[in-house]
Amino acid sequence: MKIYKVHMILTMVIPRLKKYKLDDYNSSTPIIFVEAKDPDDACFKAMHKLAAKILKEDHSVETLNFIKDIFHDVRIIKIEIP
């Protein structure tokens with residue numbers, strides 16, 4: 001497995017994420033490091049980490065629907081191997 005550097009854009013969803021502690025995802029353009037087999041897996045894992053951080057604070061049906069909604073507005077613009 002390789003370590004990938006995933007560049008994301010959360011500009012459209014960051015106002016809706018203010019009530020959650022997101023650590024690495026706390027800016028509108030976070031850079032997330034993940035260990036993955038390939039670039040597709042790296043994208044999946046970066047998105048999964050975001051969902052896991054949100055669900056860790058509030059694991060409810062409303063939060064699951066919220067995550068589905070925001071995933072349409074989260075963009076991954078670049079993936080690279082550092």
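How many Å² does the accessible surface of the chain come to, and what share of it belongs to carbon and sulfur atoms? The accessible surface is about 5300 Å², with 55% belonging to carbon and sulfur atoms (Shrake-Rupley method, 1.4 Å probe). The model is predicted: local features need pLDDT of at least 70, side-chain atom pairs count only at pLDDT 80 or more, and totals for chains, interfaces and linings use all residues. Residues are numbered from 1 along each chain as its sequence is written, and side-chain values use heavy atoms, with hydrogens and water left out.

**View 1. The whole chain.** From the N terminus, the elements run β-β-α-α-β (DSSP runs: helices are H or I with at least four residues, strands E with at least two). The radius of gyration is 12 Å, close to the 12 Å of the globule rule for 82 residues, so the chain is as compact as a globular protein of that length (C-alpha atoms; the rule is 2.2 Å times the number of residues to the power 0.38). Buried residues make up 35% of the 82 (buried means under 20% relative accessible area, 1.4 Å probe, protein chains only).

**View 2. The open sheet.** Three strands are ordered S2-S1-S3 with antiparallel pairing (strands pair if DSSP finds at least two bridges between them). Strands S2 (31-36) and S3 (75-80) are the edges, each pairing on one side only.

**View 3. Strands S1 and S3.** Strand S1 (residues 2-9) is joined to S3 by 5 bridges. Methionine 8 has isoleucine 76 in S3 as its bridge partner.

Key
Buried means under 20% relative accessible area, exposed over 50%, partly exposed in between (1.4 Å probe, protein chains only).
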